[in-house]
Amino acid sequence: MKLKFLLIVFFAGFSAWSQVKFDAVVSKETLGVNERLRVDFEMNEDGDNFRPPSFQGFVVVGGPNQSISKQWINGKSSFSKTFSYFLQPKGTGKLQIGAAEIEINNTVYKTLPIEINVTGAVDLAKDPNDPASSAAENVHLVAEVSKSNPYLNEAITVVYKLYVSRETAVNGWNEIDAPKFADFWSQSLDEKQFKVYDGTFNGKPYRYVILRRTLLYPQKTGELDIESLALNINVEAPTNRRDIFGMRITRPAQITVSAPKRTIKVRELPEAGKPDNFTGAVGKFDFSVTASKTKLDAQDALDLTLTAKGNGNLKLFKLPKPTLPSTLEVYEPENLQDVNVSLSGMTGKNEERYTVVPQRKGAYPIPPIRFSYFDPTTERYNTVSSDEIVITVENGPDALASASGVNKSPVKAAVQFNYIKSEADLIAQNKDSFFMSKLFWGLLVTPLVLIPFAIFFGRKREAYQNDIKGNRLRKADKLARKYLGEAKKNLGDQKAFYLALEKSLHNFLKARLNIQTSDMSKERISRLLQERGATVTTTADFIKLLESCEFARYTPASIDAMQQDYNNAGSVISEIDKQL
């Protein structure tokens with residue numbers, strides 16, 4: 001009885017000691033909208049394929065940062081692994097941090113959701129030596145709108161400028177929240193090379209760069225919001241401390257700046273003087289109608305082209321439809337656009353090309369076609385009319401003759417019904433008996449023949465299922481390919497791209513080297529790869545990729561750098577597959 005009791009206590013203690021823990025811990029549950037929140041996802045056993053929540057309602061301003069701790073005290077080992085994020089709330093109210101997921105020993109564990117109460121802005125204690133406090137007062141992002149009360153479909157521009165004081169240095173930035181321009185036709189004109197200009201902000205001398213210029217055509221009337229642009233910026237800000245030479249000491253910091261939301265009032269196009277054939281063209285245009293040829297034979301084809309060229313919303317209106325004689329067969333038009341987009345708006349031409357095929361001999365006039373547009377500079381409607389075009393069909397059947405001249409031919413009576421047959425011509429069909437037929441013997445023998453194959457494949461399947469190590473490695477290899485594909489889909493999104501790329505590299509190592517994530521130090525990876533047959537160059541390239549994933553957490557990366565890292569990952573994985 002005592003032995004049974006001791007065994008129960010032992011197994012209960014062992015179960016409690018070996019229990020997997022995966023928890024979410026926040027630095028505070030109530031904070032101001034101008035404060036930051038730290039979230040730690042902690043586990044006591046190593047896991048893979050960590051999936052954070054979406055952090056809806058927050059901006060991720062830092063992370064994920066990963067830390068691993070191993071201890072051995074009094075003969076007992078302990079392990080902890082933590083993923084940390086720093087969040088900035090987007091607004092006030094009740095927000096929720098959703099559940100994170102991790103795979104530990106082929107089991108998926110989830111954290112419990114946490115509710116966060118975000119209040120209004122609070123007074124923050126400013127440390128004069130804190131570079132972030134200093135930089136926040138010396139870095140500003142503004143959005144300049146060319147016109148605050150445009151007409152519907154009139155072009156306006158939004159220019160985003162980053163102002164930086166002369167005492168502060170900017171090392172790089174990444175975009176964390178971009179305007180959607182839901183009620184506009186928009187096209188961004190990003191700067192190919194940033195140029196530094198001298199200017200003033202609030203009456204003080206500043207330097208500034210133009211980050212982006214965006215062309216907008218409002219598609220609705222009334223008050224429309226231009227959403228804010230938010231950036232995460234790495235700066236070198238001065239402190240109140242000085243070195244032995246009297247120079248101010250600078251320290252690195254990371255801050256978040258945003259351009260305030262702008263509101264414009266879009267005016268409706270005037271009803272007075274609006275032509276009946278107006279189709280929404282706004283700008284300044286020339287209009288013409290041309291025919292590829294005016295003399296041809298019946299059943300030959302010609303092209304009738306309607307062209308509007310100039311400056312305005314060329315992609316956002318329809319050209320008028322021509323009215324042609326019924327004896328001219330007209331096909332659906334082909335729309336052709338040659339449009340350049342710049343800060344002055346769309347320039348170029350909008351064409352519709354109709355294929356016309358005359359059916360009979362004769363002369364067919366195409367009446368003038370009218371095109372109307374609204375000019376926002378003069379605030380008036382203008383109408384342009386094309387010239388009349390005459391199509392001459394020289395050879396072919398004449399036009400339809402009058403009713404009196406039509407040749408009449410006798411109408412033949414059509415036989416609608418045949419006589420009913422009094423006798424049926426039926427042919428008997430001989431059907432073979434199923435018993436003792438080929439199909440009968442085939443169905444009887446086939447199961448007997450398949451029994452050995454079923455036994456063979458059953459044993460293979462059982463051996464496959466019992467190969468726990470092999471299945472784990474195959475699963476890791478499959479996940480590596482999956483996350484490499486996910487990285488390709490996220491090219492341009494630095495955080496998502498490098499997170500997927502790092503997961504792909506870790507799962508690839510698990511499949512090829514049979515090691516866990518917690519054991520993946522760079523020195524051990526290099527040693528194991530070279531012991532298995534990988535060359536020094538290939539090993540160095542793989543380690544360089546891992547370092548790129550680590551550096552991407554702290555420094556911005558361009559789309560070209562991400563594309564290069566993706567290409568290198570594919571080639572390095574392929575080379576290691578060949579060498580191991």
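1. Let's start with a word you'll need throughout: two residues are in contact when they have heavy atoms within 4.5 Å of each other. Keep in mind, too, that this is a predicted model. With that in hand, take Asp286: leaving out residues up to four places away in sequence, it touches Thr307, Ala308 and Lys309.

2. Stay with Asp286 for a moment. You'll find it in strand β21. Is Asp286 buried or exposed? It counts as exposed, because its relative accessibility is 52% and the cut-off for exposed is over 50%.

3. Now zoom out. The protein chain has eight helices and 30 strands. Of its 580 residues, 36% count as buried. If you take contacts between residues at least 6 apart in sequence, 71% of them join residues at least 24 apart.

4. Next, the inside. In soluble globular proteins, nonpolar side chains tend to be buried together. Here the largest nonpolar core has 30 residues, and the ones with the most contacts inside it are Phe287, Leu304, Leu306, Phe317 and Phe371. Several strands give two or more residues to this core, including β16 (204–218), β21 (283–291), β23 (302–312) and β26 (345–358). Which strand gives the most? That's β23, with four residues.

5. Not counting residues up to four places away in sequence, Phe371 touches Asn277, Ala281, Phe285, Phe287, Ala308, Phe317, Leu319, Pro320, Asn382, Thr383 and Val384. Spot Ala308 in that list: Asp286 touches Ala308 as well.

6. Finally, the outside. The accessible surface of the protein chain comes to about 35500 Å², and 52% of that belongs to carbon and sulfur atoms. One spot to look at is a nonpolar surface patch formed by Phe435, Met436, Trp441, Leu444, Val445, Val449, Leu450, Phe453, Phe456 and Phe457, with about 1000 Å² of accessible area together.

7. Pick Trp441 out of that patch. It sits in helix α3, which covers residues 438–466. Why does Trp441 count as partly exposed? Because its relative accessibility is 40%, and partly exposed lies between the buried cut-off of under 20% and the exposed cut-off of over 50%.

Terms used. Residues are numbered from 1 along each chain as its sequence is written. This is a predicted model: local features need pLDDT of at least 70, side-chain atom pairs count only at pLDDT 80 or more; totals for chains, interfaces and linings use all residues. Side-chain values use heavy atoms; hydrogens and water are left out. A nonpolar core is a set of buried Ala, Val, Leu, Ile, Met, Phe, Trp, Tyr and Cys residues joined through side-chain atoms within 4.5 Å. Buried means under 20% relative accessible area, exposed over 50%, partly exposed in between (1.4 Å probe, protein chains only). Accessible areas come from the Shrake-Rupley method with a 1.4 Å probe; for residues, only the protein chains shown count as cover. Patches are made of residues with over 30% relative accessible area and no salt bridge: like charges are joined within 9 Å, nonpolar side chains (Val, Leu, Ile, Met, Phe, Trp, Tyr) within 5 Å. A salt bridge is a side-chain nitrogen of Lys or Arg within 4 Å of a carboxyl oxygen of Asp or Glu.
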